[in-house]
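Here are my notes on this model. Please read them with the structure open.

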Protein chains: 4
Amino acid sequence: MKRSFASDNNAPVHPEVMQAIIDANHEDYVSYGDDPYTKEASNLFNENFGREVKVFFVCNGTGANVSAISHLIRPWQTIMCASTAHIHNDECGAPEKFTGSKLHTVPSEDGKLRVKQLEPFLHSVGFEHHAQPGIISITQSTELGMVYTPDEIKEISDFARKNNIYLHLDGARIANAVAALNISLEEMIALTGVDVMSFGATKNGLMMGEAVVFLNPELAKDFEYIRKQSMQLASKMRYMSAQFIAHFKNDLWLKTASHANRMAQLLAEKIRHIPQVKLTMPVQTNAVFASIPPEIIQPLKEKYYFYVWNEKNNEVRWMTHFQTTEQDIDDFVRALEDLL
Amino acid sequence: MKRSFASDNNAPVHPEVMQAIIDANHEDYVSYGDDPYTKEASNLFNENFGREVKVFFVCNGTGANVSAISHLIRPWQTIMCASTAHIHNDECGAPEKFTGSKLHTVPSEDGKLRVKQLEPFLHSVGFEHHAQPGIISITQSTELGMVYTPDEIKEISDFARKNNIYLHLDGARIANAVAALNISLEEMIALTGVDVMSFGATKNGLMMGEAVVFLNPELAKDFEYIRKQSMQLASKMRYMSAQFIAHFKNDLWLKTASHANRMAQLLAEKIRHIPQVKLTMPVQTNAVFASIPPEIIQPLKEKYYFYVWNEKNNEVRWMTHFQTTEQDIDDFVRALEDLL
Amino acid sequence: MKRSFASDNNAPVHPEVMQAIIDANHEDYVSYGDDPYTKEASNLFNENFGREVKVFFVCNGTGANVSAISHLIRPWQTIMCASTAHIHNDECGAPEKFTGSKLHTVPSEDGKLRVKQLEPFLHSVGFEHHAQPGIISITQSTELGMVYTPDEIKEISDFARKNNIYLHLDGARIANAVAALNISLEEMIALTGVDVMSFGATKNGLMMGEAVVFLNPELAKDFEYIRKQSMQLASKMRYMSAQFIAHFKNDLWLKTASHANRMAQLLAEKIRHIPQVKLTMPVQTNAVFASIPPEIIQPLKEKYYFYVWNEKNNEVRWMTHFQTTEQDIDDFVRALEDLL
Amino acid sequence: MKRSFASDNNAPVHPEVMQAIIDANHEDYVSYGDDPYTKEASNLFNENFGREVKVFFVCNGTGANVSAISHLIRPWQTIMCASTAHIHNDECGAPEKFTGSKLHTVPSEDGKLRVKQLEPFLHSVGFEHHAQPGIISITQSTELGMVYTPDEIKEISDFARKNNIYLHLDGARIANAVAALNISLEEMIALTGVDVMSFGATKNGLMMGEAVVFLNPELAKDFEYIRKQSMQLASKMRYMSAQFIAHFKNDLWLKTASHANRMAQLLAEKIRHIPQVKLTMPVQTNAVFASIPPEIIQPLKEKYYFYVWNEKNNEVRWMTHFQTTEQDIDDFVRALEDLL
């Protein structure tokens, strides 16, 4: 068996999630979400966010991001994000295609946006030749594994609200961020002024299924049509919903995320002493970024899946997940050391 | 347990398909389709189509239809289909939104298109004010449960080819059609000149997963970008692919479809003698359309899920699926008779 | 000189309009509409509509229709129109491309919509699989030269308002309709509940320039971004505005339209007695529809430009315009008679 | 009379162009381009490009850019341009809306792109998560008034061709560039490998009208549908075409552009000695960029129209045009000096 450090979506489905799927497989249910599993899963979102939210299950992360953003803006409004954002780099232009909107990016080393980078976009307001600021999209944890504090999110949402701009949060790895800060979803999301989030779970042990969560239910009005028109409505939805029920049960989602984070920390600790390996980012969640000698990249790839993040400085990304074991880390570090 | 006659997507997942999912759940695999399950599933498509095809797994039927069609036309070209087509009625405008193209519909009682209905569209050719004929989309079996013969498909594809128009086949219920005609996919699809099809399987026992199949692999060039941009690329694709492996294994897909068809026939036979119930369509696959006295619609709905198809003539649709039993049919007919 | 009966847009520019253009050509002005001509032209719209409206000049009729409609709906909402509508037949799919919305058409012989044809669309309301009724678009005068009475428009707008649907009026030939009914724009448009209209003028003597008019200024909010994003914002706008000033001055627009209407009446009168020529539509504005012997179509086309409207019944369309003379009509009728 | 230095589109229409419009206004002609003026204007493009090109007249510059680019790429392909490009900054997101594509920008001080900035985009090739390089768009002269040499264009087109990427040139001010380099259109465009260009003329004395020019006529196939669907097809096209005939007659277009360039040079010379005014860009065409003391910006704006380009360094843009006189320059410089 070959352990992958390429992405947390290389992992299998968590056994408890799989069991929930099996348990849901016994009789006929109305499709498209009018079933008891979807109802229960929706309630679990309310519980975890500490308020009544509106949740919509969708097929994948790109679908979550694009449908959520599209719902809140018009095509002549912009989407502002970090240059590192998944919506900019890894969705093959789906945001532009479906929203019809311009993405405005600002450079970021750690994947975070800062308010002072957003202020220049206000110069366009009211000038018909310029696309108008519409929504800010931040990623938590970021594509570089870093975590916004609630105060940092609050600062951005204050800026957004003051300027009639919406705030979207791409939470493809929200669990890793929540686990890292050890605070609740309510504290991280509901109280910080986020308008809508993409709640990721596939990278944290689900088979398939993400969620769009509107913090203010009124903002969700008519979103069901966007979900359908963006081709994100699953017919046998109970199987998605059942996964989310297991996800939240006994805080499984936090246990799995905490474990993944811990494995990344362990990996970072074990390689910190190796002189030829240089960590390029602090390790806050389940990703380790490091520069390694270029000549060992290929040999190491023959043993383990992982991505080269930046060819210029031989930076690679190693991701851990809920099933990564201490043994896996030991084996990986040994393989690395053997090559050096 | 309440058996549903509302739609074949109200059914659970077939046990053999579920087992295949479970069996695939044991280690790390590269995501997005670069895994052995996807390779094996793709090969099974080649086998069943009697040639090398190009297959792409997608999240749902709307996604299959829209991405396939979008790939083959430009926005100034039209999509021609029957007025009954799923792409026209049941996808919340997703085809127009994503392709940017006009849908041109022609009236149809049984869901089939005829070449003579398509000919008038040729009048637009070459006139810049008119959207240009781009692709014909037919549904097999149709939304009314009817089946095109291979000759009928061939006649449409000949017309299409002669006029530089593509032919798409929406096979949301392709298995029911293949089972009904008792011919191979090769005879029905590959030899009749279809360019691309949406291969449906969720309605026939899968949990989630459809496929876009290009009969001519060259036409598939660059489709991977359309799949991603249309938000149809699943990360943990092995779980979709594993379902298709089970689907084709020992011709499970035909057994389940044949069974569903048989149950519809049984239902039709048992109600044919009831004077207040009038079949409105021949029963060729797994759908039964009938006019029933309006006063029993609501009481019957309290016992069974089903849809009113046409309020004007009190026409309802009853669908069977792979798990519908003879007992279910008996119970349903008895409930019906009790109400009359 | 060959007089054209093909379309009123085959006419030249009215001399008074041309003079207004020449008079505007003397110094530097700020572009994009911040000039005194645009201000004056806008005021003339207010005057003619009997209230404060919001008017935006655009480049052409397709641009007016598409931008206006797009502003008021979301892509999951439909555009309902007659099967004869310009937006459906003659804009090469621009409405679908730019709005992302589905066009729902109903059959019409005279180009008019009736409320009872619209009612079935309400069945989709609230069902996420169906695109939702968004806007009704009617054409005044219709593509068949017919005119809605204010009461007929009011009936449609009442239906629309009651069901949260907007009403758009394509007024490519609005002047001909106003002239035909001999009522004011206020009575025809402002008091009948139209939300937004495309005000056509190019077919009535302008060189280039149409207008989008919002009857309720609040509905116009942010339309300037739609105009720009739909590529309809002209830089040297004063030259459009100057044309509209001349258009409205001394009711030129009604004189020219009345004249065109009269010429069509004259033509109809003069051919009514010819047994081989059969009028297929009442003549209410500046279009004459007639069935003529197929063998004379080509010979007549060699002498005069005109369109065959329907090949099946040898129906042709002859349009008059502000410069068509009685002599032109006499000559045309003689040519027609010579061929019979 | 207040001379504007805000933009060359604040100028009136050149008298010879106006006369051509007047001369075209005498009888009926078929609309949409099937008229002798359009034929003649098209031939003049062939002459000036030294080969048979395909030319399509459109309503405005944004329409030219967007329709041309859209024709050559699919939505999953990118548009690469300088951060200063009009398509990125000044078209209210029309490129994203109509093409559905991502704009990839690279920083530029002078408005020019360099090949080494484009190379990193090749890393995305073949990776389905990334939008694929589709077309490069350069502006000649640039938004900063700078001019690419033919060799510089050739270097970019070589890179493009080698990598199956198209090259678009936004020539909103192409005449100023041609005049500045004193070479032919053939040398600048046809021989350098440009695939399609937006040929601007409104800023150089026309009333309204731009052109999309395909250097290789085969690439133009089906563009007529894109023009119509992008709402850029004018009905009374002869009036656009007549303007272009005057534009090219006796090289009017180069005389006007040369004059505008000369006036910018004159302005630059006259202010070069003023210590508080600092030219921020070399003056190559008809734009002068300068930093001036912030306290005089407002007072100067009360006398002359112009734009603040960059608030951070008090940089302003002054543009000259075909009617700017030496007296205008003298007056302007005096006004400037009076304020200092």
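1. Which residues do ring pairs link into a cluster? They are A:F45, A:F49, A:F57, A:F199, A:F244, A:F248 and A:W253. Rings of Phe, Tyr and Trp (its six-membered ring) pair if their centres lie within 6.5 Å; planes under 30 degrees apart are stacked, over 60 edge-to-face, the rest tilted.

2. Conventions. The model is predicted: local features need pLDDT of at least 70, side-chain atom pairs count only at pLDDT 80 or more, and totals for chains, interfaces and linings use all residues. Residues are numbered from 1 along each chain as its sequence is written, chains are lettered from A and ligands numbered from 1 in the order written, and side-chain values use heavy atoms, without hydrogens or water.

3. B:F5 lies in the segment before helix 1 (15-23) of chain B, and B:F332 in helix 14 (residues 326-339) of chain B, so the pair ties together parts 327 residues apart in sequence. Helices are DSSP runs (H or I, at least four residues), as are strands (E, at least two), numbered from the N terminus. B:F5 is buried at 0% relative accessibility; so is B:F332, at 0%. Buried means under 20% relative accessible area (1.4 Å probe, protein chains only).

4. C:F49 and C:F199 pair edge-to-face, at 6.3 Å centre to centre and 65 degrees between planes. C:F49 is in helix 2 (residues 36-49) of chain C and C:F199 in strand 6 (residues 196-199) of chain C, 150 residues apart.

Notes. Buried < 20%, exposed > 50% of the residue type's maximum accessible area, 1.4 Å probe, protein only.
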